[in-house]
Amino acid sequence: GLQWEVLVVDNNSQDDTAGIVRSWQEKPLCYPIRYCHEAQQGAAFARQRAIREATGTWVGFLDDDLTPDENWLGATIRFRDFRPRLGAFSGKIRGVYEIKPPPDFDKIKAFLAIRDHGNKPRPFAPEHLQLPPAASLVVRRSAWLESVPAEQKLTGPIQQRFSHKRSNLLIQGEDYESLLYLHRANWEIWYTPDLVASHHIPATRFDRDYLLTLSKACGLPTFQLLLVLSKSPVETILMFFRTLLGNIRRLVLHWLKYGKRIDREVVPGCLWAFYYGSFLSPFVGIANGFLGMQRIRKADEKMELRD
């Protein structure tokens with residue numbers, strides 16, 4: 001009695017995604033498969049396109065390197081009515097590794113969207129930026145449409161304006177930004193252990209330089225994400241200095257604990273890169289027009305007044 005579909009959003013893939021989808025569309029299946037192409041590069045654009053194209057009440061995101069467990073859809077059905085203000089929920093994401101991870105990998109596995117929050121449902125804490133990745137996420141479509149701006153601030157690489165080199169700077173955080181808008185509109189975000197998917201990690205993603213870049217990219221949006229929750233200019237100023245001082249403290253404590261191991265070992269180096277990225281995040285926000293976040297909020301307030 002369930003009506004559902006598979007929607008493939010092709011975000012400029014270089015393989016034969018369109019042809020593969022056509023081959024599946026020709027098969028006698030009990031559910032439809034649809035295809036669309038999103039030319040703007042980046043997961044934020046692809047997910048916005050998915051929300052616009054989808055027709056269901058709930059939309060389940062799955063990245064192309066994830067495999068859902070066979071009961072993934074069933075877990076979605078069972079949990080979707082768990083709370084009346086449930087806006088989004090996620091579950092366990094297990095790592096499937098091509099090679100053995102480095103020592104202490106559990107300390108940085110979240111940077112690769114690998115999560116396990118135990119065996120009981122629990123709410124996330126958006127006010128502390130404790131949120132799930134969108135790699136395996138189910139959202140209420142109506143909540144997204146009413147809460148998430150069509151144009152998000154964090155969409156991937158940006159131009160590094162505070163550097164004379166003006167090179168591209170990778171910034172993560174588009175997953176969290178959309179969920180923070182849901183939270184701000186009083187939608188709840190939960191974890192359920194029954195929603196399980198496997199994330200396939202090739203050997204190339206354990207390259208030290210890649211992991212350091214990724215870790216820093218996860219820290220760089222910290223201040224801009226906090227701005228979504230800011231309610232006044234005074235609170236924004238306090239967030240600015242709290243982010244700076246808090247991460248200076250983390251950097252000092254981390255250096256005292258690991259010292260030269262930061263340059264030699266992967267995990268200490270990645271944690272240092274994350275803290276350093278978080279320390280830089282207020283300056284990155286200023287240099288790249290973080291006031292745009294304030295403009296989005298004012299536009300939302302005007303919409304509420306008109307409604």
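Buried, in this talk, means under 20% relative accessible area, exposed means over 50%, and partly exposed is in between, with a 1.4 Å probe and protein chains only. Take Cys30: at 74% relative accessibility, Cys30 counts as exposed. Cys36 is buried, at 5% relative accessible area. And disulfides, meaning pairs of cysteine sulfur atoms within 2.5 Å? A search of the whole structure finds 0.

Some ground rules. This is a predicted model, where local features need pLDDT of at least 70, side-chain atom pairs count only at pLDDT 80 or more, and totals for chains, interfaces and linings use all residues. Residues are numbered from 1 along each chain as its sequence is written, and side-chain values use heavy atoms, with hydrogens and water left out.

Now the overall picture. The protein has 307 residues, and 46% of them count as buried. Its secondary structure comes to 11 helices and 10 strands. Those are DSSP runs, numbered from the N terminus: helices are H or I with at least four residues, strands are E with at least two. Contact means heavy atoms within 4.5 Å. Among contacts between residues at least 6 apart in sequence, 78% join residues at least 24 apart. The accessible surface is about 16,800 Å², and 54% of that belongs to carbon and sulfur atoms. Those areas come from the Shrake-Rupley method with a 1.4 Å probe; for residues, only the protein chains shown count as cover.

H7 is mostly covered, with 8 of its 8 residues buried. Among them are Phe223, Gln224 and Val228.

Next, Asp10, in strand E1, residues 6-10. A salt bridge here is a side-chain nitrogen of Lys or Arg within 4 Å of a carboxyl oxygen of Asp or Glu. Asp10 does make a polar contact, side chain to side chain, with Tyr35 at 2.8 Å. A polar contact is a pair of N or O atoms within 3.5 Å; within protein, one must be able to donate a hydrogen and the other to accept it, and residues adjacent in sequence count only if both atoms are side-chain atoms. Leaving aside neighbours within four places in sequence, Asp10 is in contact with residues including Thr17, Cys36 and His37.

On to the salt bridges. How many are there? The count comes to 12. Start with Arg49 and Glu53, which meet at 2.9 Å, N to O. They sit 4 residues apart in helix H2, residues 43-53, so about one helical turn separates them. Arg49 is buried at 18%, while Glu53 is partly exposed at 26%. Both belong to a network of salt bridges that also links Glu5, Arg34, Glu38 and Arg52.

Glu188 is partly exposed at 24%, and Arg83 is partly exposed at 33%.

Last pair: Asp106 and Lys109, at 3.9 Å, N to O. Asp106 is exposed at 59%; Lys109 is partly exposed at 23%.

Technical notes
A disulfide is a pair of cysteine sulfur atoms within 2.5 Å.
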